[in-house]
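Below are my notes, in the order I looked things up.

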Protein chains: 2
Amino acid sequence: MSHARHITLPKGFLAAGVACGIKPSGKKDLAVIAAEADCSVAFVTTSNQITGAPIQYVRRTWPGGCGKARGIVINAGVSNVCTGAAGLRDATTMAKLAARNLGAAGGKFLVASTGVIGRPLPMAKIRRGIAAACRALSARHDADALEAIMTTDTRPKSAVVMTTLDRKRVTVAGMVKGAGMIAPSLATMIGVITTDAAVPPATLHRAIKACVHDTFNAVTVDSDQSTSDIVAVFASGRAGNAPLRAGSRAYAKFTAALHEVCAELARAVAADGEGATRLIEVVVTGAKTPRDAEAAAKSVANSPLVKTAVHGADPNWGRIAMALGKSTAKISAETLTIHIAGQKVFTRGKGCPFNEKSLSRRLREPTVTIHCSLGAGKAAFTALTCDLSKDYITINADYTT
Amino acid sequence: MSHARHITLPKGFLAAGVACGIKPSGKKDLAVIAAEADCSVAFVTTSNQITGAPIQYVRRTWPGGCGKARGIVINAGVSNVCTGAAGLRDATTMAKLAARNLGAAGGKFLVASTGVIGRPLPMAKIRRGIAAACRALSARHDADALEAIMTTDTRPKSAVVMTTLDRKRVTVAGMVKGAGMIAPSLATMIGVITTDAAVPPATLHRAIKACVHDTFNAVTVDSDQSTSDIVAVFASGRAGNAPLRAGSRAYAKFTAALHEVCAELARAVAADGEGATRLIEVVVTGAKTPRDAEAAAKSVANSPLVKTAVHGADPNWGRIAMALGKSTAKISAETLTIHIAGQKVFTRGKGCPFNEKSLSRRLREPTVTIHCSLGAGKAAFTALTCDLSKDYITINADYTT
């Protein structure tokens, strides 16, 4: 991960990030990403029943999850969740201020906020911050925007993929904040993706919905689900390709590029989970149904005992078997095979002999793969998570006070 | 909790606990609890799809979950889970050895094991241990039995309740091990309850099934579910009451006493969860359905962010709202009210003003109550859990290696 350019690489996008005083540290805390003109937008949001004011605002403004917009304004430090009617007014004001500062008549902005739940936004600071960010908008300031949306993230997370559509070069780029994902007080995952492909809003919505299932929705840091998650994708159309039609070959190619960006960002979020020292990939194959595959993989990925075992570089396959067994997926010990870091540790109801010391060494590598073959069918799913360390407790045992 | 007598207080029961060398520490690791003659038994077991050999053995021997038995033999240190056909033979051997050492022609024993998954039982040690425990059986050795089944438990957990049936004094007593409940490598909750009431097996089964829902099944330490959980209740009939009929007034009175024992043991398990520094009661009221009440309470009780916040004495109600919102229960922020330690912190979509310092002090008390009133109906459920501390990570990051 570097501060190389990302979301302004697709033609037609500008970004800025400024410090307006919401974060007590004085770090950057307000970002604006804007297209040079109104463009297609599509987004997906949290399924938590308690939602922040920004989520409520974007859902009301684009009830179908897509439409036209100029950009997005994001603050970190306060999440504007559970703030009542005043919170919704503040979210609306943020969107309007961004539009007004850009002089964009009719250009609408999405809003996202991340930080503590239940506190009112410091609107005077935010007002000044939006004005400053809009003045600073540039294709070179995307690293500032990324820095401004970080909370407990230890590193910026971005991805860029190039492809061609109608022989035109198309760029898809994204940035994300995570860390305490799925952790509402740090509220939480905000992803912004830009592309210069020409994609009508409904088609863009279909594409992003197709991409999140096995990318962002496959990530779990702590099983807790944010009230503020949003992933929004903007398409400027500046690449010059013919507008994409859903189902076409070009659509498939674009969606593959979008998927690659989502997948890379999702892996980065899991690897940078709060307190994480390594990324865990839980690969489930041989499940009876796709739903079973996902349930089994997520049950292992959410198990604190599996996550602490990986943290301790302990090849404790019993906990993996337990986590599979407690899931809603159909599991039989007799047909189950488990590999940890490529080493077979369990098959046909029993553990296999293996060298504990050498496997423990492999569990200290940055990425640990747990492969569970259920032997019940052909469905597969890969969940992404991280180990569970004492730093997770430190980060989360004293957040608001 | 003291080493006062408990499971041998009901007439007709003997117990013993010995060290036979399974635990590397040399601590007691094998217990036998035996009735003086065959008696009624009923049990409930884990719902994990992966089960240990002892669970498979008792389910096969008493397919209806109840019948006649002489007692139970329990070892700690190795859980005999995922050990294949040899494991099932070992469990069977343990039961037979206990019966043979007692000279109990036809008297059957239940078996339970707790400890690491996937290792074979050291049968030579266990053979000697069962012989020694059977020789030591006495009404005065129940504390030894309780000590022998502990793993990461920090204290013994027992309960005694007296009642009268047909003007006869009846005692119901129980002991339990938990700690890494629901934690399979420490595999896990084993509860033994004895009573001198006369209760036919099927009636006893009905009574214990009625008691576990809001006691043992309301406890969660870490959301992980053991492959070895069992709660077994033995009724010697020595109190001299007329055998209980399900549905009678005496049955209701007996079940109330049994429930009280289960509830006390369940609270003790939650309070002594791995790394726990305090007990958390999550009380949900005003739910639309009983299922909603349970789902909402367990979602809060299982949330690592709620548990770390309580550990940090941080009145972070946003995380409680998040955990409710992600549950399968119907939740609306507008009708939701949250109290922490008796202090109203959230109502009608917004936080309430409160003194953070004074509430933080109350969050340091041994028991913390979180009350969530959903405003959607009349159903209620209370889940029991503990805070999540760094010691949980220490205990679980290096268990097998």
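I started with strand β3 (residues 66-78) of chain A, which is mostly covered: eleven of its 13 residues are buried. Buried here means that 20 or more other C-beta atoms, placed from the backbone, lie within 10 Å of a residue's own; exposed means 12 or fewer, and partly exposed is in between. Helices (H or I, at least four residues) and strands (E, at least two) are DSSP runs, numbered from the N terminus.

A note on ground rules: this is a predicted model, where local features need pLDDT of at least 70 and side-chain atom pairs count only at pLDDT 80 or more, while totals for chains, interfaces and linings use all residues. Residues are numbered from 1 along each chain as its sequence is written, and chains are lettered from A and ligands numbered from 1 in the order in which they are written.

Next I checked what β3(A) pairs with; two strands pair if DSSP finds at least two bridges between them. Strand β2 (residues 30-45) of chain A joins β3(A) in the antiparallel sense over nine bridges, and Leu30(A) has Asn75(A) as its bridge partner there. With strand β4 (residues 109-116) of chain A, β3(A) pairs in the parallel sense over eight bridges. In that pairing I found Ile74(A) bridged to Ala112(A).

Then I went over to chain B. Its open sheet of six strands runs β12-β11-β10-β13-β9-β14, with mixed pairing. β12 (350-351) and β14 (379-386) of chain B stand at the edges with a single partner strand each, so one side of each is left without a neighbour in the sheet.

A nonpolar core is a set of buried Ala, Val, Leu, Ile, Met, Phe, Trp, Tyr and Cys residues joined through C-beta atoms within 7 Å. The largest one has 279 residues, and Val32(A) and Ala296(B) are among those with the most contacts inside it. Apart from it lies another core, of eight residues, including Leu388(A) and Tyr392(B).

Last, confidence: pLDDT is the predictor's confidence in each residue, from 0 to 100. Chain A averages 87, and 93% of its residues score at least 70. For the model I noted ipTM 0.72 and pTM 0.74.
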